[in-house]
Amino acid sequence: MKAQTLLIHPPRGATATRAVTSPIWQSTSFEADSIAAFAEISQTVQPPEYYTRYGNPGHQQVEALLAELEGGEAALMTASGMAAIFTAVVSGLKQGDHVLAQRNVYASAATLFQKILPRWGIECSQLPQTVDFTEGLRPNTKLIYVETPANPVMGLTDLRAVARVAKERGITTMADNTFATPINQRPLGLGIDVVVHSATKYLSGHHDVMAGAIVGPREFIDRAWHFHLVAGGVLSPFDSWLLLRGLRTLELRVQRHNRNALALARYLKTHPAVARVNYPFLESHPQHALARAQMSGGTGMLSLELHGGREAAERFVSATRLGRYAASLGGFTTLLVHPAAMWAESLTGEQRAAMDVSDSLVRISTGLEDEEDLLADFAQALDSIT
């Protein structure tokens, strides 16, 4: 089935129910028929009806759907995107291992690589996402971690090239696919082993859910699930239901996000107040050919550099009427953030400079507003600062 049909109709493997709209299994515990049955199910990986920290019928429905969307064997839901990243990364590592990550990653993921894992004797190094990843490999490299498009300057990582380098050496590869979504990009189909998502963003799409997801081979997901039991980052049954509801319209929403972002990027590029626009489906983007080769759509995320530094950025953000200044992304309304300010505590000035995060950079998550209204609002905001 095509993506939007799959999103509406339950995939094989999901919990059976006659309800047209899936119910909420708001229960921590589920009754067993006997002591023997209880003992058997307690030793089952991701049991749908035992104890919700182990699994829940609502989790199972979302997991089955996301696994099919991404083309993976299995999936695991978590309470947040960082819970998914932490679980996926840590569950397969031990003291003495080495992780190679690209430099431009989500700020909290960078903290994991730079501050947390080294405490546990796990070596971590980072390099620009545009270089040959063989440059950073070590004999003890066990994981290559990438994010594409990357937050917030929309740089791309060549997923096929990374997968090729890793498979030759038996190294696991992991990609954060939050910005692209499986509608615009399917890393597993390009050779990547594991995908992680902040399902808080596009997958839910309504600014009302915090969730994460891991998709990959059954063996990897089983191992991650055992770690997840101890880490305890469990998605609530209600949030699982909200996420499933949001997923029903994912392709429709992403198509609108893509269209709005491309129209906005093309307009911004022409305005004298704008020094640079970062959007992979702009023909002027330095990695436009790679974007076309591994993505079917350009995502709803973009960023721009303004002439005039931080003051211009502050004036621009304040002048927009439809763009709301708030963290997160991928929802129905357009959101703006100033990355240098948002990451001031988690990243040093030197680290922000290395990621090309300047004081004049503004990140835009385009919403589902009418295209003409969105362009008109950004036009008046930019005109007000020139």
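What follows is a walk from the pocket to the cores and then to the whole chain.

Mentor: Keep in mind that this is a predicted model. Start with the pocket itself. The largest pocket has a volume of about 430 Å³. Its lining counts 23 residues. Nearest the centre lie Tyr106, Ser198, Lys201, Ser328 and Leu329. By class, 10 of the lining residues are nonpolar, 9 are polar and 4 are charged.

Now the elements. Three of them each supply at least two residues of the lining: helix H4 (81-90), helix H5 (107-116) and strand S6 (194-198). H4 gives the most, with 3 residues. Ser198, one of the residues nearest the centre, falls within the range of S6.

Next, the packing. H4, H5 and S6 also turn up in the largest nonpolar core. That core has 38 residues. Val89, Phe113, Leu117, Tyr145, Met174, Ile214 and Phe220 touch the most other members. Besides H4, H5 and S6, the elements that give this core two or more residues are strand S1 (74-78), strand S2 (98-102), strand S4 (141-147) and helix H8 (218-231).

One more local stop: His288. This residue lies in helix H11, which covers residues 288-294. Is His288 buried or exposed? His288 is buried, because its relative accessible area is 15%, and the cut-off for buried is under 20%. Leaving aside neighbours within four places in sequence, His288 is in contact with Pro280, Phe281, Leu282 and Glu283.

Finally, step back to the chain. The chain has 15 helices and 12 strands. Its radius of gyration is 21 Å, close to the 21 Å that the globule rule gives for 386 residues, so the chain is as compact as a globular protein of that length. Along the principal axes, the C-alpha trace spans about 75 × 50 × 35 Å. Buried residues make up 56% of the chain. Among contacts between residues at least 6 apart in sequence, 73% join residues at least 24 apart.

Definitions and conventions: Residues numbered from 1 in each chain as written. Predicted model: local features only at pLDDT ≥ 70, side-chain atom pairs only at ≥ 80, totals over all residues. Heavy atoms only, no water. 1 Å grid on protein atoms, 1.4 Å probe; cavity = no way out; pocket = protein on both sides within 12 Å on 5 of 7 lines; lining within 4 Å. Points joined across faces, edges and corners; volume = space filled by probe spheres on them. Helix = DSSP H or I, 4+ residues; strand = E, 2+ residues; numbered from the N terminus. Nonpolar A, V, L, I, M, F, W, Y, C, P; charged D, E, K, R; others polar. Core = buried A, V, L, I, M, F, W, Y, C linked by side-chain atoms within 4.5 Å. Buried < 20%, exposed > 50% of the residue type's maximum accessible area, 1.4 Å probe, protein only. Rg over C-alpha atoms; globule rule 2.2 N^0.38 Å. Contact = heavy atoms within 4.5 Å.
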